[in-house]
Amino acid sequence: MASFLPARLAVCLLPCLLGSGLVSASIGGSRGSHPHIVPNQWVVLLKSEADPQEWQASSAGDTVRYHSDAVNAVTLSNLTQGQADQLWEDPMVQHVEPDRTIRLTRSDPCESASPSLTAAYTQLADLVPDLELAAEQPHHSGRSLAQMSPLQPMISGQTVPTGIQRVNGPLKGMFLQPIAILDTGVGPHPDLNVVSEHSCIDGKPLTTDQNGHGTHVAGIAAASDNGYGVIGVAPGAPIHNVKILDFTGVGTVSSLICGLDYVVANNLAGIITMSFEAAPTPADALPCDNPSNPTTAMHQAICNAVNAGVIITVAAGNEGDDVANHVPAAYPEIISVGSLADYDGLPGGLAQDLSTARCGSGPDDSLAANSNHGSSLSMLAPGICINSTYIIDQSPTGYMVMSGTSMAAPHVAGAAAVLRQQQGVSLTPAAAKQLLTHPTCSPSAYQTLFGSPGPSPFPILDLHCI
Ligand SMILES: [Ca+2]
């Protein structure tokens, strides 16, 4: 441990630089003058009768990847605007649009790791010198799930995070409905039951998480009930690690569609959670499945995944804005989740107002100050001061407290896994959304929001009421 950076610095080094805007990066390593567009890269949606691999042979540009499950499309790079315009003349082409960057929903990773777990993981780190992954070498971890697994018994003591308490967890039992985490990667982490891994980052097949965000999200949804670490909403549920954002938290619409393709094509998971935003375009507001006036590739791909039976939870975003201004959170087909500020795991607004503390985000049991909201927000779940799994590379404890709607959405994904287990896999995404957003508990069971007594204007996740 002697050569570890001081814990707080090590924990914060990369994510804090990114969070403060001091570091920026994009997939592919270059970016044009427009920060939301991948230069000379295009998503070409093809008509249903076209085979993407055969069509590509006659097109200009270089193929980044084919899409055939979430949408029928090809992503092409090194294609000029003029060449892209010419593609509209192709009878097999339905729609051409620039590939867009997608970015992690901003959250606060700079909180302290759980003190109760620090000692145990310090011991773990002492035993495993190669846990010291330098932040400047984010793509070369080299550790594997197999290397981690034998270390599980070295960690003792399990805490129930406040968010789990607040939604009336933890639940006991076997949770078998898989959840796909479309994020910065997941783990490896001994408290997570990762059953498959796939990278959609160009030229970087490594699926491990060098950011920490995806690992944190995964633990909220499904950390195992195993006597150590934390426990998730659907404890031990199988996790599919689908890496669509690089270590800086940046991806593309193409990498998102790649992730959706992976889940849909392999029929892997009936639930997806994701926490990113793209700059919206007018076409994002158009309905899906209208070839004569098509919506965006991102929206259509998400619709197709939902139509294939996948329940999708999306972080509402942390701008304190109307969620209607943010995609994909604004899409009506998904469940958008805002952040509830809760400090004690209990309803009623009784906890001390921690607004001056690092985690403070308004009064206890209120809508978090920076959570997006508005009439199109589906529901709330705890999102402030949430303790969950984190990459050991950047937290010697392996756990971290983070805040944001990124932390709220996976609570609902875990609940969707519980619901699917209760109701059967035939439960449709629309029916799941209806059940999750119309709790069976009476409004009087709700809490104070906005600092004054009264019913919540938004449904709040409660595992006893779904
Ligand atoms: Ca655990």
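**View 1. N40 in strand 1 of the predicted model.** N40 lies in strand 1, residues 37-46. Strands (E, at least two residues) and helices (H or I, at least four) are DSSP runs, numbered from the N terminus. Residues are numbered from 1 along each chain as its sequence is written. Because this is a predicted model, local features need pLDDT of at least 70 and side-chain atom pairs count only at pLDDT 80 or more, while totals for chains, interfaces and linings use all residues. Although N40 is not a glycine, its phi is positive, about 55 degrees. N40 counts as buried because it has 20 C-beta neighbours inside 10 Å. A residue is buried with 20 or more other C-beta atoms within 10 Å of its own, exposed with 12 or fewer, and partly exposed in between; C-beta atoms are placed from the backbone.

**View 2. N78 in the loop between strand 3 and helix 3.** Phi of N78 is positive, near 55 degrees, in a residue other than glycine. With 14 other C-beta atoms within 10 Å, N78 is partly exposed.

**View 3. Cis peptide bonds at P170 and P328.** The bond from G169 to P170 is cis, with omega near 0 degrees. P170 is in the loop between helix 6 (162-166) and strand 6 (179-183). V327 and P328 are joined by a cis peptide bond with omega about 10 degrees. P328 sits in the loop between strand 13 (311-315) and strand 14 (335-341).

**View 4. Helix 7, residues 213-222.**
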